[in-house]
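Reader: I've got a model open and want to get my bearings before I do anything with it. Can you walk me through it?

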Amino acid sequence: MKRRPTTPRASRPEELADPEKTRRLLDAKVDRSGGPDACWPWLGHTSPNGHGQMYVTNAHGDQHGYSAHRLALMFAVGAVPLKPAVVLRSCNSASCCNPAHLYVGTEQDAARAREALGRGNHPRRSGEANHRAKLTAAQVEEIRATPHTYGSDAAFARRFGVTVGAVTLVRKGIRWGSTPVRRGEPAFDEADFDERGRIIRASGIQNIDEVRERFAEASMSSTEAAGCIDWVRAVGTGGYGRVTITGKNGLTSGYGAHRIAWLLAGYDAPPDGMVLKHGCDRPRCVNPQHLSVGTHAENAAEREARGRGGAEKRSGELNGRSKLTREQARAIRASAGTHAELARRYGVDPKVIRKVRSGENWRELA
Ligand SMILES: [Zn+2]
Ligand SMILES: [Zn+2]
């Protein structure tokens with residue numbers, strides 16, 4: 001049998017038998033994974049009202065039960081007055097041990113706070129106004145806005161200090177039905193993807209903040225070309241930076257780094273049949289200001305023109321309707337490749353290749 005305590009609870013860490021050990025035990029059961037502003041749920045034993053509880057021996061050798069949040073605040077600020085003072089929460093998570101959400105008040109303050117949060121005399125109110133609810137409206141919104149993946153309900157349950165079942169019910173809208181579901185399910189917008197499921201708008205990128213960080217780390221101002229921002233990681237065919245990105249639809253694909261940079265800058269991907277052209281002619285450049293949308297033919301023509309120096313005037317290819325440069329037309333006439341091969345190489349219709357070969361187009365080359 002435990003001896004009935006004859007000395008008061010500790011109001012300061014120094015009044016505990018072993019402050020360091022108590023603090024370690026407390027820290028081990030507080031989940032801080034949500035970050036400094038989030039609720040820090042208590043992972044240990046809770047009383048029926050949802051408060052974390054811990055037995056601690058004071059410097060006199062007496063053991064008392066303490067609210068975990070009282071101990072958390074005591075260690076954070078150095079002292080917490082005893083009864084009739086009470087430790088109150090500014091958030092609505094009964095087991096929260098984040099000192100930033102805790103303050104000392106009176107029983108009257110506690111009653112006022114309960115009333116303000118709607119936890120008072122209205123037991124049948126739904127959602128946050130229900131005194132038994134452990135999730136806040138913001139938490140419900142976050143659960144519903146996050147794409148559901150394996151284990152995500154359990155992760156939320158740990159973070160918010162509720163059961164996995166509660167998270168599942170909230171996500172499906174069975175609980176907290178009055179709180180609007182932001183995107184509903186599925187948790188992504190079809191319009192952010194093409195018919196193959198590839199991302200065509202930044203809003204389709206999963207963990208976009210992380211992707212932005214990756215881009216910041218993987219690109220730097222060019223030392224060779226002023227204004228260019230070069231991709232300094234993996235580079236693939238044609239010298240384009242390569243990057244692997246997961247969409248909110250769950251599909252992970254490889255993309256040109258310049259293409260993702262374009263989306264991150266707020267532009268939509270070019271429509272089918274169109275490409276992103278580099279005005280700077282540096283495929284690894286991911287500066288969106290150096291990119292523009294054009295056809296394959298324009299892209300090939302511009303590359304060709306730059307390849308030759310590009311300064312001299314060329315009447316044939318500058319008539320606006322011409323899809324090939326003079327040099328390309330010459331190369332096509334000299335080539336033994338099939339119409340289809342050459343059409344692919346120069347990004348034009350096979351008909352154009354036929355016309356160049358027959359002399360119908362670029363007659364002046366003879
Ligand atoms: Zn909190
Ligand atoms: Zn550039």
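Author: Let's start with one facing pair: Leu-88 stands opposite Tyr-103 in β4. This is a predicted model, where local features need pLDDT of at least 70, side-chain atom pairs count only at pLDDT 80 or more, and totals for chains, interfaces and linings use all residues. Residues are numbered from 1 along each chain as its sequence is written, while chains are lettered from A and ligands numbered from 1 in the order in which they are written.

Reader: In which sense do β3 and β4 pair?

Author: Strands here are DSSP E runs of at least two residues, and helices are H or I runs of at least four, both numbered from the N terminus. Two strands pair if DSSP finds at least two bridges between them. β3 (residues 86-89) and β4 (residues 102-105) have four bridges, and the sense is antiparallel.

Reader: Why do the buried residues of α12 sit on the same side?

Author: In α12 (residues 350-358), the buried ones are Val-352, Ile-353 and Val-356. The arc is taken from the directions from the helix axis to the C-beta atoms. They share a side of α12 because they cover an arc of only 100°.

Reader: And which helices do those buried residues pack against?

Author: The face turned away from the buried side carries exposed Lys-351 and Ser-358. Contact means C-beta atoms, placed from the backbone, within 7 Å. On the buried side, the packing partners are α10 (326-334) and α11 (339-346).

Reader: What average pLDDT does the protein chain have?

Author: pLDDT is the predictor's confidence in each residue, from 0 to 100. It stays under 50 over residues 119-132 and also over residues 309-321. Still, 85% of the residues score at least 70, and the chain average is 80.

Conventions: Two residues are in contact if their C-beta atoms, placed from the backbone, lie within 7 Å. A residue is buried if 20 or more other C-beta atoms lie within 10 Å of its own, exposed if 12 or fewer, and partly exposed in between; C-beta atoms are placed from the backbone.
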